[in-house]
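Have the sequence and the 3D view open as you read.

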Amino acid sequence: MAASGLPPLPPQFKAVQHILRSAQELDKREPVVAYYCRLYAMQTGMKIDSKTPECRKFLCKLMDQLEAMKKQLGDNEAITQEIVGCAHVENYALKMFLYADNEDRAGRFHKNMIKSFYTASLLIDVLTVFGELTDENVQHRKYARWKAAYIHNCLKNGETPQSGPIGMEEEYYDENEEVGSPALPGQESQESSTYESGNAPTSNYTGIHIPPGAHAPANTPADSSHHGSTGVTSASIQPTPQNVPIVDPSLYDVQPAGEIHLTPEDFARAQKYCKYAGSALQYEDVSAAVENLQKALKLLTTGRE
């Protein structure tokens, strides 16, 4: 696979093939996410092989791409501040996950939702450039990657997949099998894509909390609302009902109890929750915004999460 402006991908870098393809597909619609996809590929490639001539050449070209993107996006907070960039990528990954989960629970099984599940798992991988993944993200990654493999194999075998979290079994894709890469509307056809289940656990998954698909943001990856001008006025767009969490009544009239000694880490976590809330609002995800603002307020007024 040769990404735009890059030499052919060395065989040693097969592990980053799909993330680089995702970066290409997101270049116009989500350049910030595309940037971090390439950064993840760069860091992963450096760990795999930075000495072989063909690998060094590829990494140098990829580094040039990153530098060019960084200059182009230089005034974007999601590039200049890691905490904002992390929230941006995480929210987009969740958006992809919730769209696929919504389709899955509604019994609508198709290549687009398979790709969305798998892309969400890849974007959670990308979050490792910011540090260690949360337990929740690890769970979402395992579930999304397993779901992509499970549904794909069911459709390939002419079987009807089961919706929602069920007992997980190991599923693997044939790496040479075409499953239809151009899953998102408005994108040009890319190379055929294959999905790998990775280390899908064999344990039952029903004990893991996966948010119901009904919580999906109004603008899902399946729509064309972010593909430039469509000739549709905002007045013609009907708001989508959202499941908003109940606000903790105790937070309406907050009175700090005595002296609260907040550490720099506490302030950083509160800032993170506020950034997450802001990013959630960009995707019209009221539920996530309210939840994160409540977490920030509780931390700042009680010193506890």
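Leaving aside its neighbours within four places in sequence, which residues is tyrosine 36 in contact with?

## Tyrosine 36 and the ground rules

Beyond those sequence neighbours, tyrosine 36 contacts Ala78, Ile79, Gly85, Val89, Val126, Val129 and Phe130, where contact means heavy atoms within 4.5 Å.

This is a predicted model, so local features need pLDDT of at least 70 and side-chain atom pairs count only at pLDDT 80 or more, while totals for chains, interfaces and linings use all residues. Residues are numbered from 1 along each chain as its sequence is written, and side-chain values use heavy atoms, with hydrogens and water left out.

## Helix α6

(Expected span is 1.5 Å times one less than the number of residues; helices are DSSP runs of H or I, at least four residues, numbered from the N terminus.)

The rest of the structure largely encloses α6, because 15 of its 16 residues are buried, meaning under 20% relative accessible area with a 1.4 Å probe, protein chains only.

## Helix α2

α2 (residues 31-48) has 18 residues and reaches 25 Å from first C-alpha to last, close to the 26 Å expected. Its buried residues include Val32, Tyr36, Tyr40 and Met42. Who do they pack against? The buried residues of α2 meet α1, α3 (53-72), α4 (77-80), α5 (82-105) and α6.

Terms used. Buried < 20%, exposed > 50% of the residue type's maximum accessible area, 1.4 Å probe, protein only. Helix = DSSP H or I, 4+ residues; strand = E, 2+ residues; numbered from the N terminus.
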